[in-house]
Amino acid sequence: MQPASATAQPKVKQRPRVLIVDDETALVDLIHEVVEGLNCTVSVAKTVAAAKKLLVNGSFELMLTDVNLPDGDGLSLLSTLHRHQPTASAIVITGTPSVAGAIRAIRGGAVDFLPKPFDNNHLIERLRRALDHQSGLARQEKRLNRLRDAVKRLGIARQMV
């Protein structure tokens, strides 16, 4: 008989899924290329409405959103992201940066605020930091779920005794 560890399938780490929400094609192409270079799966939405559909029906670890979109404010997506995917991270991008805008983004749940223009190295650094943050939140959530399950099982066992 083989030891259990020899027969167990190794866990395949899933590529992080990133949603880019922006209506500027050139910028989306640049971000898409950088994100794929970080071994991520990329989805793109050009409007708030399209992004909301993806957030409700899909699963993402990170969202990059522009503030000014054709059909509304990209910051409105932060609440949708956290409602459907509480451990996901978000980076807000804007061509009109302001302290008030940055505060609004961070209070809305973004982990970073990136003013345009930016270079690839700056973007890569911010993406890595956001993905690390999300990974930590996901691990913490997993531990909490295991703890909740153990407490539930203990409660059932206690009732049986």
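This is a predicted model: local features need pLDDT of at least 70, side-chain atom pairs count only at pLDDT 80 or more; totals for chains, interfaces and linings use all residues.
Let me begin with phenylalanine 60, which, if we set aside residues up to four places away in sequence, touches Arg17, Val18, Leu19, Ser43, Leu54, Leu55, Gln85 and Ala88.

In general, strands of a sheet pair through backbone hydrogen bonds, in either a parallel or an antiparallel way. In this model we find an open sheet of five strands, paired in parallel, and if you trace across it the order is β2-β1-β3-β6-β7. The edges are formed by β2, residues 41–45, and β7, residues 112–115, each of which pairs on one side only. On average, and ignoring direction, neighbouring strands of this sheet are turned by 20° against each other.

If you look at the β2 end of the sheet, β1, which covers residues 17–21, pairs with β2 in the parallel sense over five bridges, and there valine 18 stands opposite valine 42 of β2. Further across, strand β6 spans residues 89–94 and includes threonine 94. Is threonine 94 buried or exposed? Threonine 94 is buried, with a relative accessible area of 1%, and, leaving aside neighbours within four places in sequence, threonine 94 is in contact with Asp66, Val67, Phe113, Leu114, Pro115 and Lys116.

Now to the helices, and to α3 in particular. In α3, the residues Val48, Ala51 and Leu55 are buried, and, seen down the axis of the helix, the buried residues of α3 fall within an arc of 65°, so they line one face. These buried residues pack against β1, β2, β3 (62–66), β4 (68–69), β5 (72–73) and α4, whereas the face turned away from the buried side carries the exposed residues Lys53 and Asn57.

How do α3 and α4 lie relative to each other? In general, two packed helices are described by the angle between their axes and the distance between the axes. Here the axes of α3, residues 48–57, and α4, residues 77–84, come within 9 Å and cross at roughly 10°, and the two helices are therefore roughly parallel to each other. In this contact, Val48, Ala51, Lys52, Leu55 and Val56 of α3 meet Leu77, Thr80, Leu81 and His84 of α4, a set that divides into six nonpolar residues, two polar and one charged.

Finally, I would like to point out two details of the backbone. Asparagine 39, placed in the loop between α2 (25–37) and β2, has a positive phi, near 65°, and asparagine 39 is partly exposed, with a relative accessible area of 46%. The other detail is a cis peptide bond, with omega at about -5°, that joins lysine 116 and proline 117; proline 117 lies in the loop between β7 and α6 (120–160), and lysine 116 is one of the residues in contact with threonine 94.

Note on methods. Residues are numbered from 1 along each chain as its sequence is written. Side-chain values use heavy atoms; hydrogens and water are left out. Two strands pair if DSSP finds at least two bridges between them. Helices (H or I, at least four residues) and strands (E, at least two) are DSSP runs, numbered from the N terminus. Axes are lines fitted to C-alpha atoms, for helices over the stretch in contact, and angles run from 0 to 180 degrees between N-to-C directions. Buried means under 20% relative accessible area, exposed over 50%, partly exposed in between (1.4 Å probe, protein chains only). Contact means heavy atoms within 4.5 Å. Angles under 35 degrees count as roughly parallel, over 145 as roughly antiparallel, 65 to 115 as roughly perpendicular and the rest as oblique. Ala, Val, Leu, Ile, Met, Phe, Trp, Tyr, Cys and Pro count as nonpolar, Asp, Glu, Lys and Arg as charged, and the others, Gly among them, as polar. The arc is that of the directions from the helix axis to the C-beta atoms.
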